[in-house]
Amino acid sequence: TQYFDTDKNELKAEYKDYWEAYEVSEEEKSNSIEVNGEILKQDELWNASKKEDKYEQKRHELTEETWNNLEKVKGIGMNEVGGSWSYRGLVNGTTGLVWKVKPEDTTQTLGKAWNSDYVLIGSASSSFLYRGGYCYDGAAAGVLRSDCHYGSELYFGGFRPALTLN
């Protein structure tokens with residue numbers, strides 16, 4: 001509630017610049033994603049039933065655009081520490097989407113940051129990005145880890161405080 005004006009039902013003015021700093025593609029904003037002339041919604045594109053290469057390329061393309069937009073926001077510890085990123089895609093012999101770095105990967109691959117922390121950012125079904133890992137992740141639960149979540153509370157996850165200076 002400290003960030004949200006409940007009387008006006010909107011984000012408080014002093015926080016709007018921070019919210020607007022995160023950019024996504026126009027396709028994602030409108031939820032009308034074009035794949036070779038076919039218009040899809042987010043949940044359709046990220047559905048494992050869409051197995052053709054054209055869908056896989058688009059999943060990769062949208063995630064790359066998100067990564068490039070994150071690079072514009074310095075100080076959040078994404079591009080500064082991340083060497084590669086992963087998105088949810090298909091690999092041979094799987095029925096669901098798994099993490100992968102490139103469309104041509106044939107097994108699950110994981111994007112990495114410093115200290116081998118994972119960078120997992122492309123998944124429309126889990127559109128919130130959290131930092132740090134779950135307590136049961138062991139060595140993979142580093143503070144630089146990025147992963148997607150669907151937005152509920154995490155009672156078994158870690159956290160790290162952050163300070164933003166202007």
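**Exercise 1. The lining of the second largest pocket**

Determine how the residues that line the second largest pocket divide into nonpolar, polar and charged.

*Solution.* The model under study is predicted. Step one is to list the lining, which consists of Lys-51, Asp-53, Glu-56, Gln-57, Leu-90, Val-91, Asn-92, Lys-100, Pro-103, Glu-104, Asp-105 and Thr-106. Step two is to sort these residues by class: 3 are nonpolar, 3 are polar and 6 are charged. Step three is to ask which element contributes the largest share, and this is helix 4, with 3 residues. Finally, the volume of the second largest pocket is about 180 Å³.

**Exercise 2. The surroundings of Glu-56**

State whether Glu-56 is buried or exposed, and identify the side chains with which the side chain of Glu-56 makes polar contacts.

*Solution.* Begin with the position: Glu-56 belongs to helix 4 and is among the residues lining the second largest pocket. The relative accessible area of Glu-56 is 5%; because this is under 20%, the residue counts as buried. Next come the polar contacts. One, at 2.9 Å, joins the side chain of Glu-56 to that of Arg-59; another, at 3.1 Å, joins it to that of Lys-100. With neighbours within four places in sequence left aside, the contacts of Glu-56 are Tyr-87, Gly-89, Leu-90, Lys-100 and Pro-103.

**Exercise 3. Salt bridges**

Give the number of salt bridges in the structure, and describe the pairs Glu-38 with Lys-54, Arg-59 with Glu-56, and Arg-145 with Asp-147.

*Solution.* The structure holds 5 salt bridges.

- In one of them, the side chains of Glu-38 and Lys-54 meet at 3.8 Å, N to O. This pair links distant parts of the chain, since Glu-38 lies in strand 4 (residues 38–40) and Lys-54 in helix 4, 16 residues apart. Glu-38 has a relative accessible area of 29% and is partly exposed; Lys-54, at 30%, is also partly exposed.
- In another, the side chains of Arg-59 and Glu-56 meet at 2.9 Å, N to O. Both residues lie in helix 4, 3 residues apart, which is about one turn of the helix. Arg-59 and Glu-56 are both buried.
- In a further one, Arg-145 and Asp-147 bring their side chains to 2.6 Å, N to O. Arg-145 is buried, at 6% relative accessible area, and Asp-147 is buried as well, at 8%.

**Exercise 4. Trp-85**

Locate Trp-85 among the elements of the protein, classify Trp-85 as buried or exposed, and list the residues that Trp-85 touches.

*Solution.* Trp-85 sits in the loop between helix 4 (53–71) and strand 5 (86–89). The relative accessible area of Trp-85 is 10%, and because the limit for a buried residue is under 20%, Trp-85 is buried. Not counting residues up to four places away in sequence, Trp-85 touches His-60, Thr-63, Glu-64, Trp-67, Lys-100, Val-101, Gly-111, Val-119 and Ile-121. As for Lys-102, it is 17 residues from Trp-85 in sequence, with 9.2 Å between their C-alpha atoms.

**Exercise 5. Positive phi at Asn-36 and Asn-115**

Find the phi values of Asn-36 and Asn-115, and state where each residue lies.

*Solution.* The background is that most residues other than glycine have a negative phi. Asn-36 has a positive phi, near 50 degrees. Asn-36 is placed in the loop between strand 3 (33–35) and strand 4, and is exposed at 67% relative accessible area. Asn-115 likewise has a positive phi, of about 60 degrees. The loop that holds Asn-115 runs between strand 6 (98–100) and strand 7 (120–122), and the residue is exposed at 65% relative accessibility.

**Exercise 6. The protein as a whole**

State how many helices and strands the protein has, and in what pattern these follow one another along the sequence.

*Solution.* There are 4 helices and 9 strands, arranged along the sequence as β-β-α-α-β-β-α-α-β-β-β-β-β. Of the 166 residues, 37% count as buried. Turning to contacts between residues at least 6 apart in sequence, 44% join residues at least 24 apart.

Technical notes:
Residues numbered from 1 in each chain as written. Predicted model: local features only at pLDDT ≥ 70, side-chain atom pairs only at ≥ 80, totals over all residues. Heavy atoms only, no water. Helix = DSSP H or I, 4+ residues; strand = E, 2+ residues; numbered from the N terminus. Buried < 20%, exposed > 50% of the residue type's maximum accessible area, 1.4 Å probe, protein only. Contact = heavy atoms within 4.5 Å. Salt bridge = Lys/Arg side-chain N within 4 Å of Asp/Glu carboxyl O. Polar contact = N/O pair within 3.5 Å; in protein donor to acceptor, adjacent residues only side chain to side chain. 1 Å grid on protein atoms, 1.4 Å probe; cavity = no way out; pocket = protein on both sides within 12 Å on 5 of 7 lines; lining within 4 Å. Points joined across faces, edges and corners; volume = space filled by probe spheres on them. Nonpolar A, V, L, I, M, F, W, Y, C, P; charged D, E, K, R; others polar.
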